[in-house]
Amino acid sequence: MKEAPHFEPIPREQLLAARQADLPAYLMAQGVKLIPAGNQGSFRMAEHNSLFITGNKYVWNSRGESGNAIDFLRSYYGMDFREAVEALTAGGVEKKPIIQPPAAPERFDFAKLELAPNMGRVIDYLHHQRGLSAELITQLIRRRQLFEEIQHHDGKEYHNAVFPMYDGGAIVGAELNGTMPQQRFKGIKTGSKYGCGYNLSFGEQTAYALFFESAIDLLSFVDISRMRGKDLAGCRLTSLAGLKQNIFDHTMHSLGEQARPVLCVDNDEAGTAFVRSVQSVNAGVKIRQPAAGFKDWNDWLVALRSRQSQ
């Protein structure tokens, strides 16, 4: 059996140094052309007129995007969280050359999705294969929080569950999950807004921000809570679409200090490593994981459904 990879947590000092890194100095060391703009210490990227960088912050006006040095490397260069931290703390001059991303990245457009007029495939998959209740699925469809997309590839037709990401009242991206049980597929729709994740809110005020590794785990948690008579009032549930630190950071920034973060990630090595990394800079983060013996929330839900049917 192949040994599972070991994920070492990133030291708190290294994380803080990366987030506070001098972004203009890093980029210029990589050969990126920056143009002085306005206030002293502020720059505009020569290739993007609306992309401004000051100190450890950036604002990309045309994309409605902003963040710290780590956020920039993840969004602009496609680095994962650990790669970005290591790049910013390793010395920019000695880094290997970075391949510039396309000048005009594709933007997400919900209107371009080919939606199935009948959502039978998604309903069947989520209910019979993943154990979600018919009541919850119906509620999601009525509230435009679940769609079915048709994709064509190599002469074949594929159907995906689409979990829309909302920013205000607009759909700015989507998490995808295939409906073929023998061929698992997960992903994020190209051009989805950086930092946004699929989310559901219960109640007008958010006291707790719960984070899951996928939309299906999030929905499984909702069903388990209802089965056990647990009240979710005051909670916002957000999918990290994997273990994306930028979704956690942007969600907590938008909610402010009144919301207490709760990591509801998988019972595995990667989930544990993510918890350690987040807790190293957010000491108040709570942990809530599936019951012992279950890897994730959907595994637990499927087991509970099986017991009900016996």
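Arg144 sits in the loop between α6 and β6 (147-153), where helices (H or I, at least four residues) and strands (E, at least two) are DSSP runs numbered from the N terminus. Its phi is near 55 degrees, a positive value in a residue other than glycine. Arg144 counts as partly exposed because its relative accessibility is 44%; buried means under 20% relative accessible area, exposed over 50%, and partly exposed in between (1.4 Å probe, protein chains only).

Before going on, a word on what you're looking at. This is a predicted model, in which local features need pLDDT of at least 70 and side-chain atom pairs count only at pLDDT 80 or more, while totals for chains, interfaces and linings use all residues. Residues are numbered from 1 along each chain as its sequence is written, and side-chain values use heavy atoms, with hydrogens and water left out.

**Positive phi elsewhere**

- Most residues other than glycine have a negative phi.
- Ala241 is not a glycine, yet its phi is positive at about 50 degrees.
- You'll find Ala241 in the loop between β12 and α8 (245-255), and it counts as buried because its relative accessibility is 13%.
- As for α8 itself, the helix is mostly covered, with eight of its eleven residues buried.
- The buried residues of α8 are Gln245, Asn246, Ile247, Phe248, Asp249, Thr251, Met252 and Leu255.

**The nonpolar cores**

- A nonpolar core here is a set of buried Ala, Val, Leu, Ile, Met, Phe, Trp, Tyr and Cys residues joined through side-chain atoms within 4.5 Å.
- The largest one has 34 residues, and Leu126, Leu146, Phe163, Leu219 and Leu237 have the most contacts inside it.
- At least two residues of this core come from each of α5 (120-129), α6 (134-142), β7 (156-167), β10 (199-202), β11 (208-212), α7 (215-227), β12 (235-239) and α10 (297-309).
- The top contributor to this core is α7, with seven residues.
- Leaving aside neighbours within four places in sequence, Leu146 is in contact (heavy atoms within 4.5 Å) with Met119, Val122, Leu126, Ile137, Leu140, Ile141, Ala161, Val162, Phe163 and Pro164.
- There's also a second, separate core of 29 residues, with Leu23, Val32, Met79 and Val281 among them.

**How the helices pack**

- Axes are lines fitted to C-alpha atoms, for helices over the stretch in contact, and angles run from 0 to 180 degrees between N-to-C directions.
- The axes of α6 and α7 come within 10 Å and cross at roughly 130 degrees.
- That makes the α6 and α7 pair oblique; angles under 35 degrees count as roughly parallel, over 145 as roughly antiparallel, 65 to 115 as roughly perpendicular, and the rest as oblique.
- The α6 and α7 crossing is right-handed; the rule is that a crossing is left-handed if the near helix is turned anticlockwise from the far one by less than a right angle, and right-handed if clockwise.
- Leu136, Gln139 and Leu140 of α6 make the contact with Leu219, Val222, Asp223 and Arg226 of α7.
- By class, this α6 and α7 contact has four nonpolar, one polar and two charged residues; Ala, Val, Leu, Ile, Met, Phe, Trp, Tyr, Cys and Pro count as nonpolar, Asp, Glu, Lys and Arg as charged, and the others, Gly among them, as polar.
- Over at α3 (residues 69-77) and α4 (residues 81-89), the axes are 9 Å apart and the angle is about 120 degrees, so these two are oblique to each other.
- The crossing of α3 and α4 is right-handed.
- Ala69, Ile70, Leu73 and Arg74 in α3 meet Phe81, Ala84, Val85, Ala87 and Leu88 in α4, and these residues divide into eight nonpolar, no polar and one charged.

**Buried Thr, Asp and Ser**

- Thr206 lies in the loop between β10 and β11, and it counts as buried because its relative accessibility is 12%.
- Not counting residues up to four places away in sequence, Thr206 touches Gly234, Arg236, Leu255, Gln258 and Ala259.
- Asp217 lies in helix α7 and counts as buried at 5% relative accessibility.
- With residues up to four places away again left out, Asp217 touches Phe212, Asp266, Asp296, Trp297 and Asn298.
- Ser192, in the loop between β9 (186-188) and β10, is buried with a relative accessible area of 16%.
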